[in-house]
Amino acid sequence: EVLLDGSRVVVQGYEEGNFVGPTILSGVDTSMESYREEIFGPVLVTLEVASLDEALDVINSNPNGNGTAIFTSSGYAAREFQS
C-alpha cells in the first residue's frame, strides 16, 4: 500500500528531470520487489512481523545494506535489536 506517493514530483526549473519525492510503502513483505531491491531515493519501506526473532531473521537474511529500525513499546526488544 502506498501511504505517500512521491512519483509525480515536479521540480521547478527541472520539469523534464527524473525525481522521486518522499514515498512510504506499507504492508510490504520479503517477496516484493520493493523489499528485495535497493531503492535509491527518499523511500521508506515498512514491514510488520510477529516477533523480535522474526524481525532479526528478516534483517539478517537481506544481503543489502539498507537501514533498519524498530518501532516497539518493549524495552527488551529495543535493547536486543540494538545489540
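1. A quick definition to start: two strands are said to pair if DSSP finds at least two bridges between them. Strands themselves are DSSP runs of E with at least two residues, and helices are runs of H or I with at least four residues, both numbered from the N terminus. With that in hand, Thr-23 stands opposite Val-43 in S3.

2. A word on what you are looking at: this is a predicted model, in which local features need pLDDT of at least 70 and side-chain atom pairs count only at pLDDT 80 or more, while totals for chains, interfaces and linings use all residues. Residues are numbered from 1 along each chain as its sequence is written, and side-chain values use heavy atoms, with hydrogens and water left out.

3. Now the sheet. Three strands make an open sheet with mixed pairing, in the order S1-S2-S3. Strand S1 (2-4) and strand S3 (43-45) are at the edges with a single partner strand each, so one side of each has no neighbour in the sheet. Strand S2 (residues 23-25) pairs with S3 in the parallel sense, over three bridges.

4. Please have a look at Asn-62, in the loop between helix H2 (52-60) and helix H3 (75-82). Asn-62 counts as buried because its relative accessible area is 15% (buried means under 20%, exposed over 50%, partly exposed in between, with a 1.4 Å probe and protein chains only). Its side chain makes a polar contact with the side chain of Tyr-35 at 3.1 Å. Such a contact is a pair of N or O atoms within 3.5 Å; within protein, one must be able to donate a hydrogen and the other to accept it, and residues adjacent in sequence count only if both atoms are side-chain atoms.

5. Val-28 sits in the loop between S2 and helix H1 (33-36). With a relative accessible area of 7%, Val-28 is buried. The C-alpha atoms of Val-28 and Asn-64 are separated by 16 Å, and these residues are 36 apart along the chain.

6. Gly-75 belongs to helix H3. Is Gly-75 partly exposed or buried? At 35% relative accessibility, Gly-75 is partly exposed. Its C-alpha atom and that of Leu-4, 71 residues apart along the chain, are separated by 29 Å.
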